[in-house]
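Please read it beside the sequence and the model.

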Amino acid sequence: ITRHELLANIAHQLRRTGLHTSAERRDMTLARRTGETPDPQHVDWQMLARNPFFAPAQQDQLEQLAASMHAQRVKPETTLVHTGEAGDSMYLVGEGLLEAFIEGPDGQMLLAGEIATGDVFGEISLLTGAARNATVVSVTDAIIYEISRQDIQELLNARPQVAEHLSHIAAKRQLKDEELRQAASKNLPQPDNSHHDLASNILAKMKVLLDYL
């Protein structure tokens with residue numbers, strides 16, 4: 001984790017100064033394959049288990065969710081989601097580094113944060129039906145796994161108590177974005193919603209949209 005954070009910070013500073021990293025030098029050794037190699041298109045359920053978003057789910061439920069996820073490879077500077085567009089899926093980063101931008105009070109794009117391997121994004125639209133509240137752009141080559149609304153609905157049908165947990169995580173992220181917008185403009189008032197109120201509102205929308213048991 002520390003090594004990844006260090007390299008991510010180095011890459012970020014290089015981009016800010018207009019420098020580009022050189023191609024990595026690699027030594028290749030040919031050898032007979034003795035077994036199956038890991039498939040980068042397949043996500044291990046344990047990657048889901050390590051993410052706080054899926055913490056309450058059980059192993060068999062995570063295995064089922066992992067099997068239904070679809071992978072895509074993306075190149076650097078690929079825009080994966082746009083602010084304001086509709087979205088009925090969320091994404092898990094299998095490999096790579098991305099950046100999320102939100103629209104500020106004056107229309108400028110604000111860097112909301114980095115999205116690294118193992119992180120998720122796009123969950124607000126999937127859970128509530130709201131338009132995308134951020135634009136996400138890849139910084140490096142990446143593998144992204146898509147999770148559909150139907151997949152989440154099946155998880156909630158199997159384990160309804162996960163819904164409240166998801167609503168609190170979504171509320172925390174939404175409040176963080178609002179605080180960033182407020183910091184960018186001294187004239188913008190502080191958001192009125194508390195974490196608890198916002199989580200309750202998200203949970204109510206989830207019940208209507210996802211119609212879980």
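A residue is called buried when its relative accessible area is under 20%, exposed when it is over 50%, and partly exposed in between, with a 1.4 Å probe and only protein chains considered. Helices (H or I, at least four residues) and strands (E, at least two) are DSSP runs, numbered from the N terminus. With these terms, strand β7 (residues 135-138) can be described as pointing T135 and V137 one way and V136 and S138 the other way, with all of them buried. In general, side chains in a regular strand alternate between the two faces of the sheet.

The model is a predicted one, in which local features need pLDDT of at least 70 and side-chain atom pairs count only at pLDDT 80 or more, whereas totals for chains, interfaces and linings use all residues. Residues are numbered from 1 along each chain as its sequence is written, and side-chain values use heavy atoms, with hydrogens and water left out.

**The chain as a whole**

- The secondary structure of the protein chain amounts to seven helices and eight strands, and 38% of its 213 residues count as buried.
- Where contact means heavy atoms within 4.5 Å, 76% of the contacts between residues at least 6 apart in sequence join residues at least 24 apart.
- The accessible surface, computed by the Shrake-Rupley method with a 1.4 Å probe and, for residues, with only the protein chains shown counting as cover, comes to about 13100 Å², and 49% of this belongs to carbon and sulfur atoms.

**Pairing of β7**

- Two strands are taken to pair if DSSP finds at least two bridges between them; by this rule β7 pairs in the antiparallel sense with strand β2 (residues 79-81) over two bridges, and V136 of β7 is the bridge partner of V81.
- Strand β4 (residues 98-103) also pairs with β7 in the antiparallel sense, over four bridges, and here F101 has T135 of β7 as its bridge partner.

**The four-stranded open sheet**

- Four strands in the order β1-β8-β3-β6 form an open sheet with antiparallel pairing, in which β1 and β6 (120-121) are the edge strands, each pairing on one side only.
- Within this sheet, β3 and β8 pair in the antiparallel sense over six bridges, and I147 in β8 is the bridge partner of M90.
- S89 lies in strand β3 (residues 89-95) and counts as buried because its relative accessible area is 3%.
- The side chain of S89 makes a polar contact with that of E146 at 3.0 Å; such a contact is a pair of N or O atoms within 3.5 Å, where, within protein, one must be able to donate a hydrogen and the other to accept it, and residues adjacent in sequence count only if both atoms are side-chain atoms.
- Not counting residues up to four places away in sequence, S89 touches several residues, among them G122, L126 and R132.
- G94, also placed in strand β3, is buried because its relative accessible area is 9%.
- G94 and I143 are 49 residues apart in sequence but 5.2 Å apart in space, C-alpha to C-alpha, and, leaving aside neighbours within four places in sequence, G94 is in contact with M47, T117, I143 and Y145.

**Salt bridge**

- The structure holds one salt bridge, defined as a side-chain nitrogen of Lys or Arg within 4 Å of a carboxyl oxygen of Asp or Glu.
- This salt bridge joins D141 and K75, whose closest N and O atoms are 4.0 Å apart.
- The pair links distant parts of the chain, 66 residues apart, with D141 in the loop between β7 and β8 (142-148) and K75 in the loop between β1 (70-74) and β2.
- D141 counts as partly exposed because its relative accessibility is 46%, whereas K75 is exposed, with a relative accessible area of 59%.

**Surface and chain start**

- L6, L7 and I10 form a nonpolar surface patch with about 270 Å² of accessible area together; patches are made of residues with over 30% relative accessible area and no salt bridge, like charges being joined within 9 Å and nonpolar side chains (Val, Leu, Ile, Met, Phe, Trp, Tyr) within 5 Å.
- I10 is placed in helix α1 (residues 2-16) and counts as partly exposed because its relative accessibility is 42%.
- I1 is found in the segment before α1 and is exposed, with a relative accessible area of 83%.
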